[in-house]
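Please look through the sequence and the model shown here before reading on.

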Amino acid sequence: MLENILLEENIARISMPENLALGLMVAKQHEKCASIGCKFDYFGFAFGQSPFPIPPPLSLALENSAEKSGYADAEGIFELRKAAAHFNARHFGLDPDPELIIIGPGTKGLFFLLFSILSGEIIIPVPSWIGYSPQANFLGKKYHPLETSPSNGYKLTAENLEFFLKGRRDKQHLLILNSPHNPTGQIYSKDELSALASVCRKNRIIVLADEIYALTAFDFSNYTSMGTVYPEGTFVLNGLSKDRSAGGYRLGICHLPDADCSKIRQSLQKLAATVYTNVTTPVQLAAVTAYSENEEIAQYFTVTREIHRIMGLALSKMFTGIEELQVTKPRGGFYFYVNFNDLKQDLIKCGVNNSNRLGKALLSHPHHIATVTGDSLLLPSNIFGARIAYVDYNGRRAYEAFQEQPPGNNEDEEIAFVKKYAPLMVKGAGAVSDFVAAVKSGKVEMI
Ligand SMILES: Cc1ncc(COP(=O)(O)O)c(C=O)c1O
């Protein structure tokens, strides 16, 4: 019998992904709670999944393509590449050439392909979504977390980038630029992008623009894609996961730089064909509908964006009302970021001496608040930061209610909407306030 199957070393270089790690942490906390007779689940500020049902034209299109079971082109079927190119042109002003589009298994899968083929160390502004660094670790690719400042909404500035580049200007680098940003909910303005683009242009920096939340930008008419500001050096990534609530469909789009990309295209095709052949054919066919002009999907974008705005602004305001917390005001996406550092001394007195432990303390009884903290945001251990995802409510109910009777355009009605359709999140904000009070009185016990 085989007793000891040996594994490759690179798998040990990655830890359990955030969603799995969090699931284990929650399960462990449930066990502890059960031992004292507590049955309460948790306040779910951790998982970043759209709460809405997918747009009906998309699910119908998938049903209709179920029998299209043949293999497809590694870079994606032409019909979809064409629809996606026109979609990106309509919404973001990108070049509508289908030859610039590669279809991949989610943006996560596309990042993996790009990290695999593009030479250069990676620059990751932090706090950050956790997805990038484990892939870099796995591939043995060096990355540099670049700390950003709260005074600037945690956005990377041209000056930060210039400073980092001292002594390394001769090499190609890959800069991750995520806007709207996970975890802070901030959005880079056109001027901020232009300033960054001029540094990138001078220093062989290729931008991997993670724009998966672009269509959720609350003020979408003022949204700028990095692909329009620095077209010759930007890979723009987006997909179905967030704005069309279809994370499980695993379909992402990469818009290549407007340059001679024939070698890049070929390398991506080669790798895709070697590893997974093609993204599921029926999903690609269904996605043609999701990327084509469609009144119902356009309406879906408008309604879901508005609900995200109402939820995000109301909830971040509730958190801002808790004196010791520094809270970002979201402008898109599903998240805001909370800095607990004003409570640092009190946290340390309670044994919460780093940001990973902050996550555990928030989850502990009687607080039951699930968030993402610490290493999962690529934070240094002395920064006590947490990501709050504001998507824990019945999205179908909220969507239908909004369509029937949207709240009036004033704060009181919007807050009433949040209280009615997302009561657990409102209660969760109260639980955070109680947690802060418990920390200040030295009464946080991690059971
Ligand atoms: C910033 C960011 N990029 C990418 C992804 C992954 O997107 P996909 O489902 O397209 O792989 C996520 C998902 O949470 C994300 O938050």
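Helices (H or I, at least four residues) and strands (E, at least two) are DSSP runs, and they are numbered from the N terminus. Arg 250, for example, is found in the loop between strand 7 and strand 8. Residues are numbered from 1 along each chain, following the sequence as it is written. The model is predicted, and for that reason local features need pLDDT of at least 70 and side-chain atom pairs count only at pLDDT 80 or more, while totals for chains, interfaces and linings use all residues.

- Domain 1 puts 32 residues into the contact and domain 2 puts in 34 residues, with two residues counted as in contact if their C-beta atoms, placed from the backbone, lie within 7 Å.
- On the side of domain 1 that touches domain 2, at least two residues each are supplied by helix 11 (295-320), strand 10 (335-339) and strand 13 (385-389), and the largest share, 6 residues, comes from helix 11.
- That side of domain 1 divides into 12 nonpolar, 14 polar and 6 charged residues; here Ala, Val, Leu, Ile, Met, Phe, Trp, Tyr, Cys and Pro count as nonpolar, Asp, Glu, Lys and Arg as charged, and the others, Gly among them, as polar.

**The nonpolar core**

- The largest nonpolar core has 126 residues, and those with the most contacts inside it are Leu 175, Val 207, Leu 208, Ile 369 and Ile 388.
- A nonpolar core is a set of buried Ala, Val, Leu, Ile, Met, Phe, Trp, Tyr and Cys residues joined through C-beta atoms within 7 Å, and a residue is buried if 20 or more other C-beta atoms lie within 10 Å of its own, exposed if 12 or fewer, and partly exposed in between, with C-beta atoms placed from the backbone.
- Ile 388, leaving aside its neighbours within four places in sequence, is in contact with Phe 45, Phe 319, Tyr 335, Phe 336, Val 338 and Thr 371.

**Around the ligand**

- Of the 14 residues around the ligand, Gly 106, Thr 107, Lys 108, Trp 129 and Ser 241 come nearest; a residue is near a molecule or strand if its C-beta atom, placed from the backbone, lies within 6 Å of it.
- Helix 4 (residues 106-117) gives the most to this shell, with 3 residues, and by class the shell has 2 nonpolar, 10 polar and 2 charged residues.

**Strands and sheets**

- Strand 8 (residues 252-255) has Gly 252 and Cys 254 pointing one way and Ile 253 and His 255 pointing the other way, and all are buried. In a regular strand the side chains alternate between the two faces of the sheet.
- Strand 2 (residues 101-104) and strand 8 pair in the antiparallel sense over 4 bridges, where two strands pair if DSSP finds at least two bridges between them, and Ile 103 has Ile 253 as its bridge partner in strand 8.
- Strand 7 (residues 234-239) also runs antiparallel to strand 8 and is joined to it by 4 bridges, with His 255 as the bridge partner of Val 236.
- An open sheet is formed by 4 strands in the order 9-10-13-12, with antiparallel pairing. Strand 9 (326-327) and strand 12 (372-373) stand at its edges, each with a single partner strand, so one side of each is left without a neighbour in the sheet.
- Strand 10 and strand 13 run antiparallel and are joined by 5 bridges, and Asn 339 stands opposite Gly 385 in strand 13.

**Backbone details in loops**

- Ser 179 and Pro 180 are joined by a cis peptide bond with omega of about -10°, and Pro 180 has its place in the loop between strand 5 (173-178) and helix 7 (190-202).
- The peptide bond from His 365 to Pro 366 is also cis, with omega near 5°, and Pro 366 is in the loop between helix 13 (355-363) and strand 11 (369-370).
- Arg 250 has a phi near 55°, a positive value in a residue other than glycine, and with 18 C-beta neighbours inside 10 Å it counts as partly exposed.
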